[in-house]
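Take a look at the chains below. Keep the sequence beside you as you read.

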Amino acid sequence: MTEFTPLLSLAGGVLIGLSAVFLMLLHGRIAGMTGILAGVVPPLPVDWPWRAAFLAGAALAPFVFIVAGGIVPFAVPVSTLALVVGGLIVGVGVTYGSGCTSGHGVCGIARLSPRSITATIVFMIAAFATVYVVRHVFGA
Amino acid sequence: MPKLLSAFIIGAIFGLGIALSGMANPAKVLNFFDIAGTWDPSLAFVMGGALVTTAIGYRLVFGARQRPLFEKSFGLPTSRAIDLPLVGGSALFGVGWGIAGFCPGGAVPALGLGHPETPVFLAAMIAGIALARWIKVRGSSVVAAQQTPSRGA
């Protein structure tokens, strides 16, 4: 069980949205984690430094938050094998699908991109179905 | 330098938003997808908050400016094709997300929380990105046909 946190989740969502808006205003880029991450995996594109800076900020902020006494609940209810298999599938999927939750689900839908709306519907249905099968068919 | 500093700060806002929202917590993500079991609808509020903010903000940005502050033009995805790579890749992503509970945007900020599971997922995901690229390059060189590379969000 995890605690229902509508207000905290809404506030977090607004911050994610602000980040997307500022990245467009200042850098003119989509705040999609897939594209940003792919841009620091060799062969490196010429504009890799801003992506590395974005990633550093994204990982460092939660670190500073918990060091300052903030609490971020975290639990991994799956096996290491599931993390590895899931990670590989996610990596292949977002590369072919050209985006993930942040790029398609937030930035793309906000632009009313038909590609992003399609991608988001597909990956959400696939995730609901997968969790149903894993938890209620196989009972993991 | 101001470009890098601004990207760093914007990344920090993103990472803090992810951490506060619960998207960095695989247990919470998997519970969101488990309607038939321990359902936690919180993540619908993350998507709602992020989408409304971005939709309004983008309109203000594109309405007020011809170009971003630091670059010559907006770098927006141009592909409009709803094709097999988009649909199949997205379906795969959803399956992997449902197996591991991490998505790319959740896992990078989760790295800062210092739990040992996160780098395991991230390493596997980066291997998956490299693998998919290798297959793509190999496929296109075998076909040896002129193809326009599709690079999206």
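This report covers model confidence, annotated spans, ring contacts and charged pairs.

## Confidence in the model

This is a predicted model. Its scores are ipTM 0.97 and pTM 0.94. For chain B, the mean pLDDT is 93. In that chain, 93% of the residues reach 70 or more.

## Annotated spans in chain A

An unreviewed UniProt entry gives chain A the annotation "transmembrane region". The annotation covers residues 48-67, 74-96 and 116-134.

How much of residues 48-67 of chain A is helix? The span is 100% helix and 0% strand. Its end C-alpha atoms lie 29 Å apart. Residues 74-96 of chain A are 74% helix and 0% strand. There, too, the end C-alpha atoms are 29 Å apart.

## Aromatic rings

Over all chains, the structure holds 13 aromatic pairs. One of them is formed by Phe128(A) and Phe33(B). The two ring centres are 5.0 Å apart, with 90 degrees between the planes. That makes the pair edge-to-face, because planes over 60 degrees apart count as such.

Where do the two partners sit? Phe128(A) lies in helix α6 of chain A, residues 114-137. Phe33(B) lies in helix α2 of chain B, residues 26-33. The pair therefore joins two chains. Are these residues buried or partly exposed? Phe33(B) is buried, at 2% relative accessibility. Phe128(A) is partly exposed, because its relative accessible area is 24% and the cut-off for buried is under 20%.

Both rings belong to a cluster linked by ring pairs. Its members are Phe123(A), Phe128(A), Phe32(B), Phe33(B), Phe93(B) and Trp97(B).

Lys136(B) lies over the face of Tyr96(A). The distance to the ring centre is 5.2 Å.

Side chains of opposite charge can pair when their charged atoms come close. How many salt bridges does the whole structure hold? A search over all chains finds 6.

One of them joins the side chains of Asp47(A) and Arg29(A), at 3.2 Å from N to O. This pair links distant parts of the chain, with its residues 18 apart. Asp47(A) is in the loop between α2 (33-38) and α3 (48-67) of chain A. Arg29(A) is in the loop between α1 (6-27) and α2 of chain A. Asp47(A) is partly exposed, with a relative accessible area of 21%. Arg29(A) is also partly exposed, at 28%.

Asp47(A) has another partner, Arg51(A). Their salt bridge is 3.1 Å from N to O. Arg51(A) is buried, at 4% relative accessibility.

## A salt bridge in chain B

Lys3(B) forms a salt bridge with Glu71(B). The closest N and O atoms are 3.2 Å apart. Which parts of chain B does this pair link? Lys3(B) is in helix α1, residues 2-21. Glu71(B) is in the loop between α3 (42-64) and α4 (84-100). The two residues are 68 residues apart in the chain.

Both ends are partly exposed. Lys3(B) has a relative accessible area of 34%. Glu71(B) is at 27% relative accessibility.

Back in chain A, shared partners join Arg29(A), Asp47(A) and Arg51(A) into one network of salt bridges.

Methods:
Residues are numbered from 1 along each chain as its sequence is written. Chains are lettered from A and ligands numbered from 1 in the order in which they are written. This is a predicted model: local features need pLDDT of at least 70, side-chain atom pairs count only at pLDDT 80 or more; totals for chains, interfaces and linings use all residues. Side-chain values use heavy atoms; hydrogens and water are left out. Rings of Phe, Tyr and Trp (its six-membered ring) pair if their centres lie within 6.5 Å; planes under 30 degrees apart count as stacked, over 60 as edge-to-face and the rest as tilted. Helices (H or I, at least four residues) and strands (E, at least two) are DSSP runs, numbered from the N terminus. Buried means under 20% relative accessible area, exposed over 50%, partly exposed in between (1.4 Å probe, protein chains only). A charge sits over a ring if NZ of Lys or CZ of Arg is within 6 Å of the ring centre and within 35 degrees of the ring normal. A salt bridge is a side-chain nitrogen of Lys or Arg within 4 Å of a carboxyl oxygen of Asp or Glu. pLDDT is the predictor's confidence in each residue, from 0 to 100. UniProt positions are given in the numbering used here, feature names are shortened, and annotations may be inferred rather than shown by experiment.
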